[in-house]
Amino acid sequence: MCGIIGYIGNKQARDVVLKGLKRMEYRGYDSAGIALLNGGLHVTKCKGKVKALESLIDSKDEGFVGIGHTRWATHGEPNDVNSHPHTSNSGKIALVHNGIIENFNSLKQKLESEGYSFYSDTDTEVAVKLFESVLDKNPELSLEKAVQLALGQINGAYGFAIVHADFPDRIIVSRKGSPLLIGVGDGEMLIASDASAVAEYTDKVVYLDEGELAVIQKDSYQVLDSNDVELTKEVHELAVSLEEIEKGGFPHFMLKEIFEQPKTISDSLRGRLNPDLGTITLGGLSNVMDKLVNTKRIIIAACGTSWHSALFGEYLFEWLAKISVEVEYASEFRYRDPLINEGDVVFVISQSGETADTLAALRKAKEKGASVYGIVNVVGSSIARETDAGVYLHAGPEIGVASTKAFTGQVTVLTLIAVSLAIHKGVIEKAESDRIINALARIPSQVQSILDRSEQIKNIADLFTYAPNFLYLGRSFSFPVALEGALKLKEISYIHAEGYPAAEMKHGPIALIDDMMPVVVIAATKHTNDKMVSNIEEVKARKGRIISITSEKNQEVKELSEFNFTIPDTEDVLSPLLSVIPLQLLSYYVAVNRGANVDQPRNLAKSVTVE
Ligand code: F6R
C-alpha cells in the first residue's frame, strides 16, 4: 500500500522516480508526487495517477536526488493537498510516508501550539513538522539524528523517505511496519517499498528491518538500529526480471497472470514433486518436518484471497494428513487472546509477505510460543524473513491487484505440504499418494487446456455483464473456490457477489434467487456430486440461472445447467487448481465489458500494509 521510491546518483532523479512510481502504481493510485533537490526543494504533486503527475513535470525539473510517492489514502481524501510529499513550514524538508501515524492528533496539537502550521488532512504531515521542530530546537543535529530523535515520538506504522535542502547529499529512510529496501548501485543508490521499482537499475538489495534507519548517499549507505548502532546488512541478489514486471503483450497484468498459471504452478512444483518416485521434497520445511509430523493442531492465518487458500488448507490437511486445523482471519487473530498449546504450529499465508495483519498475527503467534511457518510469494519480504521456516510459491511478481496466480501457487504449495505430511505420518496409502502426485504433475497442462478455451467463458461473461448480483456455490474443496470466485468478481467489476457452501443456501440466500440471479455452481468434487445435483435442482426450481463448472465426465450436471464450462478430470483434492481458472476469467471478462480498471480497481491497492 502506497509506493515509495527515492534516487541519488548521476541520473536525473525525475526520470528514475517517475518510472519507479509507474512500476509501483498497483500499490496505490489515488495521487502521486515527487520532491527533487536542486539548489532547493522542488515539490510537484497532484490527485490522480502517475500520468497526471508526469504531465505537470517538465525538463526544468532537474536534480540528482529525489523521492516520490503513489498514494492509497488512509487519512484525508485523495486531493492535491493531501498528496505526498509533505513539506516542512520552512519549505526545506520533504517526506513521503507509507503507514499510519496513530498519535497524529496529539502530535499535531502540540506542534500547532509551538507555531507550526498544517495544511492537509493527513496523518503524515505531522511527521515532517515534527522533524522540522526537532531540528529547529537542535540546529546542531544532523538530519539523521533529528529524524532518529523524532521517531521515538511517533506511534504507528511507517516507511519514510526524507530529503532536506540543507543536506542535499542524502536521503534518510526508516521503517516500522512498512517495507523498505535499498537498491545498491554503482555510484547511485535507490530506495523503494518494492523491488519492482529498482529492478531496472540494480540486482543488489538490502532489506531494512523493523526500527532501522538508513542514510543513503550516492556511493554509500549506512544502516542504524533504533539505538543508533551501525549494522552490517546482508546484500541480497534480486531475482526479479524486467520481463516479469511488464505486461508482455497482454492488455492487463491480471490477464497475463491468469495465463501464466501453467508456468507458475510448474515452478511451484519444480524440484519438489517427484512423480517417478512418488515423493515430495520441501527444502524449506525439511528441518521442521518432525515437528509438523508430531503436531496435534495447525492454525493457518491469512487475509483475503490468501484466507481462501487457508480454508482450502484446512479441508486438505484434515482430509489427507489427519491433522486438526483452524483457519483464522489474521486481523481477528491478532486482537484475540488465542490459545496456543505446546506443539501447535501456525502457518501464515501471504502473497506479498507484507500484509500488516498477517505480519501481526505471525508476531502474536511467536509471542505465544508457537512455531510459525510461512507460505509466501515475495522473496525477502517481512513475513518470509520473520517466519521460522517456510515454502515460497515461486509465482513471480503479481502486479494485478486481484490475486490470481498467487492463489493457485498457494493451493499448490498447501497440497505439497499436506501430501508430504501424510506420507511422513504414514496416514496415506502409497497408491493414493502416488495417484495424487501423478495427478498434480498433470495440473499445469490441464490448466493450459482450460485457458485454451477462454473464449467460452468470455461468451458467458458477455451474457451476464450487467447482472447486479451473483451467487457462487460449492461444497467441500469447492467451497473456498466459490468464495474466491465471488471475491474476484466483486473486487474488479463491483458487482455484488456472495460465495456460499451450497447447502447453506437454504438457510437464507435462497430467498434471493429468481430468474435474474446467475448462480455459479462449482460441482468439481465427485464425493459431493449427488448433493450438488440436489442444490442445482433447488436453484432451478426457483428459476435461478445455473452456470456450472464441472468435470468433463459429469454429464448429469452439464445437462442440468443453462451454461456449463468443463474442466479436465482430476482428484477431488486438486480440483480447486482447475475450477478457479474459469472463475478468474469470468470476473476478468465481466469487468472488462463494464469498462472497469481491471488492474487498479477502485478503493483497492496491492499489499495492505495498514491494519
Ligand atoms: C484479492 C486480494 C487480497 C489479498 C489480501 C492478502 O484478490 O488480492 O484479498 O489476497 O490482501 O494479501 P497477501 O496475500 O499479500 O497477504
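1. Between domain 2 and domain 3 there are 10 residue pairs in polar contact, both residues at pLDDT 80 or more; a polar contact here is a pair of N or O atoms within 3.5 Å, where within protein one must be able to donate a hydrogen and the other to accept it, and where residues adjacent in sequence count only if both atoms are side-chain atoms. On the side of domain 2 that touches domain 3, helix 6, helix 7, helix 9 (304–321), helix 13 and helix 14 (430–451) each supply at least two residues. Helix 9 gives the largest share of that side, with 10 residues. By type, the residues of this side of domain 2 divide into 22 nonpolar, 12 polar and one charged, where Ala, Val, Leu, Ile, Met, Phe, Trp, Tyr, Cys and Pro count as nonpolar, Asp, Glu, Lys and Arg as charged, and the others, Gly among them, as polar. Helices (H or I, at least four residues) and strands (E, at least two) are DSSP runs, numbered from the N terminus.

2. This is a predicted model, in which local features need pLDDT of at least 70 and side-chain atom pairs count only at pLDDT 80 or more, whereas totals for chains, interfaces and linings use all residues. Residues are numbered from 1 along each chain as its sequence is written, and side-chain values use heavy atoms, with hydrogens and water left out.

3. The protein is divided into domain 1 (3–244), domain 2 (247–450) and domain 3 (453–596), with bounds that come from an automatic or database domain assignment. The C-alpha centres of domain 2 and domain 3 lie 25 Å apart, and their contact (heavy atoms within 4.5 Å) takes 35 residues from domain 2 and 33 residues from domain 3.

4. How much area do domain 2 and domain 3 bury between them? The figure is about 3000 Å², 75% of it on carbon and sulfur atoms, buried area being the accessible area (1.4 Å probe) that two parts lose on being put together, summed over both. Of the area that domain 2 buries against domain 3, His308, Tyr315 and Ile450 supply 23%, more than any other three residues.

5. Across the interface of domain 2 and domain 3 the rule finds one salt bridge, a term that stands for a side-chain nitrogen of Lys or Arg within 4 Å of a carboxyl oxygen of Asp or Glu. Elsewhere in these notes the pairs are taken one by one, and Arg435 with Glu571 is one of them, the closest N and O atoms being 3.1 Å apart.

6. The structure as a whole holds 42 salt bridges. Lys405 pairs with Glu260, their closest N and O atoms being 2.7 Å apart. Because Lys405 lies in helix 13 (residues 405–425) and Glu260 in the loop between helix 6 (253–259) and helix 7 (261–269), the pair ties together parts that are 145 residues apart in sequence. Both partners are buried (under 20% relative accessible area, with exposed over 50% and partly exposed in between, 1.4 Å probe, protein chains only): Lys405 has a relative accessible area of 2%, and Glu260 one of 18%.

7. A further salt bridge joins Arg363 and Glu386, with the closest N and O atoms 2.6 Å apart. This pair links distant parts of the chain, since Arg363 is in helix 11 (residues 356–367) and Glu386 in helix 12 (residues 382–386), 23 residues apart. Arg363 counts as partly exposed at 29% relative accessibility, as does Glu386 at 23%.

8. Asp169 and Arg170 also form a salt bridge, the closest N and O atoms being 3.0 Å apart. Asp169 is partly exposed at 36% relative accessibility, whereas Arg170 is buried at 14%.

9. Is Val205 buried or exposed? Val205, in strand 11 (residues 204–207), is buried, with a relative accessible area of 0%. Leaving aside neighbours within four places in sequence, Val205 is in contact with residues including Leu181, Val198 and His236. Val205 and Leu181 are 24 residues apart in sequence and 6.5 Å apart in space, C-alpha to C-alpha.

10. Asp572 lies in the loop between strand 27 (563–567) and helix 19 (575–593) and counts as buried at 12% relative accessibility. The side chains of Asp572 and His527 are joined by a polar contact of 2.7 Å. Not counting residues up to four places away in sequence, Asp572 touches Phe477, Ala524, Thr525, Lys526 and His527.
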